[in-house]
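Trainee: I would like to go through the labels on this model and hear the grounds for each of them. Can we take them one at a time?

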Amino acid sequence: MADAAKTPIDATSTAAWKQLSSLAETFQPDLRGWFAADSTRTERLTFDAADLHVDLSKGLVTDEVLNALLDLADETGVAARRDAMFAGEHINVTEDRAVLHTALRQPKGASVSVDGKDVVPDVHEVLDRVYAFADKVRSGEWTGVTGKRIHTVVNIGIGGSDLGPVMAYEALAPYRALPDGSGELECRFISNIDPTDAALKLQGLDPETTLFIVSSKTFGTLETLTNARLCKAWLLDQLGEGVDEKAAIEKHFVAVSTALDKVAAFGIDPANAFGFWDWVGGRYSVDSAIGTSLAVAIGPEAFADFLAGFHALDEHFRTADLADNVPVLMGLLNVWYSNFLGSETHAVLPYAQLLHRFPAYLQQLTMESNGKGVRWDGSPVTTSTGEVFWGEPGTNGQHAFYQLIHQGTRLIPADFIAFANPPYALKDGDVDVHELFLANFFAQTRALAFGKTADEVRVEGTAEAIVPARVFTGNRPTTSIMAPALTPSVLGQLIALYEHLTFVQGVIWGIDSFDQWGVELGKQLALQVAPAVGGDEEAAATQDSSTQALIRYYREKRA
Ligand code: F6P
């Protein structure tokens with residue numbers, strides 16, 4: 001085998017790929033038959049990884065398919081590349097960087113080298129500063145420029161500098177209580193350059209009790225810097241004349257970035273900045289100082305549990321045999337569904353209202369990572385990559401788009417996520433509402449797997465003419481992921497699970513899952529078009545005719 005850390009292997013040229021193609025040609029999914037014929041199926045296809053209990057048995061997979069997928073992992077060097085990642089090799093080839101988000105959650109005392117330097121002490125030095133800062137804000141020791149304690153933290157960031165913190169802030173709502181029992185700190189998140197976002201998020205805020213965290217890996221992102229300037233102007237304006245501007249910025253603005261020089265140039269005191277490193281991808285950074293707003297909201301102890309959860313899953317991914325390795329198995333199944341059975345999208349359906357932002361978070365993680373058309377050596381891929389991830393919490397989705405998953409013509413593999421213990425236990429009379437909620441989870445995965453035959457429909461007395469419309473074919477694949485409760489640790493485990501399965505798919509496709517060149521062109525063009533939008537005729541003349549006409553329409557209609 002070629003050196004898997006250096007040369008991508010064309011998955012489509014492997015023996016396993018040929019075997020999978022031939023299995024796919026005659027593949028007849030039959031979950032009813034498979035379960036009836038094999039009483040051990042559930043047990044054999046259910047795996048535990050840290051606190052996650054993952055049932056793959058309702059997937060469209062046979063032993064033959066699974067073995068061929070594991071051969072594919074072998075032939076494409078998944079284990080070797082995983083080890084190269086954990087060892088700090090520059091597997092982000094197009095940016096010539098190590099990929100070491102896993103180092104962010106190593107416990108104190110561990111050691112991970114990047115280019116000959118142990119980075120774990122640096123990670124903990126920053127974490128300790130973030131924790132000390134979080135404690136100060138939470139206890140009221142950190143005050144605004146007029147001496148009042150902070151009540152609201154506004155994170156200004158976009159993409160990975162927004163989606164992780166806001167998702168986790170929502171998910172861990174029950175963990176936000178302040179130590180002195182005085183309620184909780186509110187966090188708001190401004191991301192969009194649509195000025196409506198800043199306008200709405202600033203509404204009702206008291207400048208004296210508001211703290212802004214400008215989060216940007218590069219500190220060069222147009223949206224974030226624009227919003228940071230808007231917020232700075234808002235703060236100074238609201239605090240009114242006579243305020244010491246420098247002192248106000250010092251007390252109301254902190255920053256998180258890898259570019260500390262740019263933070264200083266923006267006017268934020270480097271003493272109020274938390275750094276991280278170029279070996280942390282934006283979409284893998286919620287566990288770095290980018291999570292500062294979260295650490296302030298839930299406190300250092302819960303944030304440390306969050307990191308410990310990531311680490312537990314990292315250890316599973318790093319050490320478990322591939323045949324029992326949950327991120328490996330889930331990644332392989334996704335390759336089977338998308339490359340061999342023709343699925344194009346993948347639904348993530350949390351039966352947990354608190355995870356309502358989890359699908360949006362996964363969209364960046366999976367699609368910015370694996371939406372690539374060339375391999376890491378520049379050669380074109382020879383198969384499709386990167387499914388479209390989407391989803392909404394159950395049961396809301398049941399009353400919206402599940403129809404298409406149950407009876408539509410497309411194959412949509414779906415991950416169902418649920419927790420045994422609810423964060424809020426409510427009863428409707430004698431009925432435990434969480435049980436009713438989980439009954440829906442179990443019922444949906446069952447209906448999708450086993451469907452309802454025409455005979456079963458007829459037995460209910462259905463008129464023959466509408467029998468076909470009421471048949472459910474079944475054989476719609478699902479993965480059920482359960483855990484005891486949505487704790488900070490379990491949330492870390494869930495995120496790490498998806499990080500690693502995304503990685504596994506990227507390795508099989510031979511792509512660099514850690515660059516994102518595809519976002520650059522639009523950014524460049526926006527800067528080029530901006531003068532034309534502002535009325536510069538010369539700049540407008542350089543645009544194509546459609547763009548010129550749209551700009552003209554805008555300028556005519558803008559009041
Ligand atoms: O444009 C995409 C992107 O680079 C993401 O990868 C990143 O998470 C986001 O922009 C924000 O970047 P930054 O943290 O550097 O502001």
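Trainee: Where in the model is Gln-543 found?

Mentor: Gln-543 is found in the loop between α21 (537–541) and α22 (545–557). Helices are DSSP runs of H or I with at least four residues, strands are runs of E with at least two, and both are numbered from the N terminus. Residues are numbered from 1 along each chain as its sequence is written. The model is predicted, so local features need pLDDT of at least 70 and side-chain atom pairs count only at pLDDT 80 or more, while totals for chains, interfaces and linings use all residues; side-chain values use heavy atoms, with hydrogens and water left out.

Trainee: Why is Gln-543 called buried?

Mentor: Its relative accessibility is 10%. Buried means under 20% relative accessible area, exposed means over 50%, and partly exposed is in between (1.4 Å probe, protein chains only). Gln-543 therefore counts as buried.

Trainee: Which residues is Gln-543 in contact with, leaving aside its neighbours within four places in sequence?

Mentor: Gln-528, Val-529, Gln-548 and Ile-551, where contact means heavy atoms within 4.5 Å. The C-alpha atoms of Gln-543 and Ala-532 are 8.5 Å apart, and these two residues are eleven places apart along the chain.

Trainee: What pLDDT does the protein average?

Mentor: The average is 96, and 99% of the residues score at least 70; pLDDT is the predictor's confidence in each residue, from 0 to 100. Over residues 1–5 the pLDDT is below 50, although this stretch has 13 contacts in the model beyond near neighbours in sequence. Where pLDDT is low, the predicted coordinates should not be read in detail.

Trainee: Which domains is the protein divided into?

Mentor: Domain 1 comprises 12–23 + 46–77 + 308–509, domain 2 is 117–298 and domain 3 is 517–557. These bounds come from an automatic or database domain assignment. The C-alpha centres of domain 1 and domain 3 lie 41 Å apart.

Trainee: What makes Glu-499 and Arg-105 a salt bridge?

Mentor: Their closest N and O atoms are 2.6 Å apart. A salt bridge is a side-chain nitrogen of Lys or Arg within 4 Å of a carboxyl oxygen of Asp or Glu, so the pair qualifies. The bridge links distant parts of the chain: Glu-499 is in helix α19 (residues 488–509) and Arg-105 in the loop between α5 (78–86) and β3, 394 residues apart. Both ends count as buried, Glu-499 at 1% relative accessibility and Arg-105 at 3%. Together with Asp-287 and Asp-314, they are linked in a network of salt bridges. A search of the whole structure finds 25 salt bridges.

Trainee: How do you know that Glu-368 and Arg-283 meet in a salt bridge?

Mentor: The N to O distance is 2.8 Å. Glu-368 is in helix α14 (residues 358–370) and Arg-283 in the loop between β9 (273–275) and α12 (292–319), 85 residues apart. Glu-368 has a relative accessible area of 23% and is therefore partly exposed, whereas Arg-283, with 3%, is buried.

Trainee: Why is Phe-219 called buried?

Mentor: Its relative accessibility is 3%, so Phe-219 counts as buried. This residue is in the loop between β7 (210–215) and α9 (222–239). Phe-219 has a positive phi of about 50 degrees although it is not a glycine. Most residues other than glycine have a negative phi, and most peptide bonds are trans.

Trainee: Why does Asp-115 count as exposed?

Mentor: Its relative accessibility is 62%, so Asp-115 counts as exposed. Asp-115 lies in the loop between β3 (113–114) and β4 (117–118), and its phi is also positive, near 50 degrees.

Trainee: What is the omega of the peptide bond from Gly-394 to Thr-395?

Mentor: Omega is near 5 degrees, and the bond is cis. Thr-395 is found in the loop between β11 (388–390) and α15 (402–407).

Trainee: Which residues form a nonpolar patch on the surface?

Mentor: Tyr-424, Leu-426, Val-431, Val-433 and Leu-436, with about 470 Å² of accessible area together. Patches are made of residues with over 30% relative accessible area and no salt bridge: like charges are joined within 9 Å, nonpolar side chains (Val, Leu, Ile, Met, Phe, Trp, Tyr) within 5 Å. Areas come from the Shrake-Rupley method with a 1.4 Å probe, and for residues only the protein chains shown count as cover. Leu-436, found in helix α16 (residues 433–450), has 48% relative accessibility and so counts as partly exposed.
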